[in-house]
Amino acid sequence: MGLNKSQGNMYDFVTHTWNTIKGSCYHDCSYCYMKRWGNQKPVRFDSKELKTDLGSGNIIFVGSSCDMFASDIPEEWILKTLKHCENFDCKYLFQTKNPERFMDYIDAAVISDKSVLCTTIESNRWYPHIMCNSPRPEQRARWMSEIDCIDKYVTIEPILDFGVNEMVDLIQKCNPVQVNIGADSGGNKLPEPSWHKVQALI
């Protein structure tokens with residue numbers, strides 16, 4: 001599909017999305033927007049995407065449709081994706097619920113000087129029927145805390161009911177330069193916090 005104009009409402013700073021890794025995501029979160037199109041094909045690497053001209057001056061969300069740092073993704077696929085990114089003068093957003101794997105690629109040129117690293121933390125609480133195969137939120141925060149010298153974001157979407165003090169602790173542990181908050185826009189009937197609690201978090 002090549003370089004796609006960004007149409008999401010969470011990241012208004014992102015200009016495009018690009019996906020080399022496609023198919024069913026290992027994390028299998030119950031609210032994943034990709035599920036609206038039914039069952040996904042098995043995860044795969046689309047080598048045709050390596051012919052994509054990523055342009056110049058774009059801000060590209062790489063891996064927006066499948067978590068490219070999930071534990072089942074082969075290292076070769078990630079390296080090929082990062083190598084292609086290096087060829088273009090763009091900024092890249094990499095987001096994962098498995099930020100432990102960021103550490104394996106932190107020395108890649110594109111990771112160190114052209115990127116923002118982001119993790120999702122929907123809540124400080126563990127909701128196994130919603131988060132499914134994802135690492136626990138406290139694990140994600142601990143792994144993000146080990147990354148420095150690179151801009152980091154935390155995205156809280158969809159926001160699930162949480163404890164205010166505990167949630168603040170997790171976010172601070174990540175030491176992000178930006179925090180993004182979004183609701184259950186997909187209407188998945190998730191256990192959402194009250195607006196008063198969201199305001200307290202903000």
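Is Trp-195 buried or exposed? Trp-195 is exposed, because its relative accessible area is 56%, and over 50% is what counts as exposed. Keep in mind that this is a predicted model.

Trp-195 sits in helix α6. Together with Val-179, Ile-181 and Ile-202, Trp-195 makes a nonpolar surface patch of about 430 Å².

## The sheet

Now for the strands. Seven of them form an open sheet with mixed pairing, and the order runs β1-β2-β5-β6-β7-β8-β9. At the edges you'll find β1 (4-5) and β9, each pairing on one side only.

Take β6 and β7 as an example. Strand β6 covers residues 91-96, strand β7 covers residues 115-120, and the two pair in the parallel sense over five bridges. If you want a spot to look at, Tyr-92 has Ser-115 in β7 as its bridge partner.

## Helix α5 and its two faces

Helix α5 spans residues 164-174, and its buried residues are Met-167, Leu-170, Ile-171 and Cys-174. Looking down the axis of α5, you'd see these buried residues fall within an arc of 95°, so they line one face of the helix.

What do the buried residues of α5 pack against? They pack against α4 (137-145), β8 (152-156), β9 (178-181) and α6 (195-201). Strand β9 is also one of the edge strands of the sheet, and helix α6 is where Trp-195 is found.

Most residues other than glycine have a negative phi, and most peptide bonds are trans. Here are some places that go the other way. Just after α5 comes Asn-175, with a positive phi of about 55°. Asn-175 lies in the loop between α5 and β9 and is exposed, at a relative accessible area of 57%.

Cys-149 isn't a glycine either, yet its phi is positive, at about 70°. You'll find Cys-149 in the loop between α4 and β8, and its 78% relative accessibility makes it exposed. Then there's the peptide bond from Glu-157 to Pro-158, which is cis, with omega near -5°. Pro-158 belongs to the loop between β8 and α5.

## Charged pairs

Side chains of opposite charge can pair when their charged atoms come close. This model has nine salt bridges. One of them joins Glu-76 and Lys-80, at 3.2 Å from N to O. Both residues lie in helix α1 (residues 75-86), four residues apart, which is about one turn of the helix. Glu-76 is partly exposed, with a relative accessible area of 48%, and Lys-80 is partly exposed too, at 36%.

Helix α1 also holds Lys-83 and Glu-86, three residues apart and separated by about one helical turn. Their salt bridge has its closest N and O atoms 3.6 Å apart. Lys-83 is exposed at 51% relative accessible area, while Glu-86 is partly exposed at 29%.

Another salt bridge links Lys-97 and Glu-122, at 3.6 Å from N to O. Lys-97 lies in the loop between β6 and α2 (109-113) and Glu-122 in the loop between β7 and α3 (128-131), so the pair ties together parts that are 25 residues apart in sequence. Both Lys-97 and Glu-122 are buried. Elsewhere, salt bridges that share partners join Lys-22, Asp-46, Lys-48 and Glu-49 into one network.

Conventions. Residues are numbered from 1 along each chain as its sequence is written. This is a predicted model: local features need pLDDT of at least 70, side-chain atom pairs count only at pLDDT 80 or more; totals for chains, interfaces and linings use all residues. Side-chain values use heavy atoms; hydrogens and water are left out. Buried means under 20% relative accessible area, exposed over 50%, partly exposed in between (1.4 Å probe, protein chains only). The arc is that of the directions from the helix axis to the C-beta atoms. Contact means heavy atoms within 4.5 Å. Two strands pair if DSSP finds at least two bridges between them. Patches are made of residues with over 30% relative accessible area and no salt bridge: like charges are joined within 9 Å, nonpolar side chains (Val, Leu, Ile, Met, Phe, Trp, Tyr) within 5 Å. Accessible areas come from the Shrake-Rupley method with a 1.4 Å probe; for residues, only the protein chains shown count as cover. A salt bridge is a side-chain nitrogen of Lys or Arg within 4 Å of a carboxyl oxygen of Asp or Glu.
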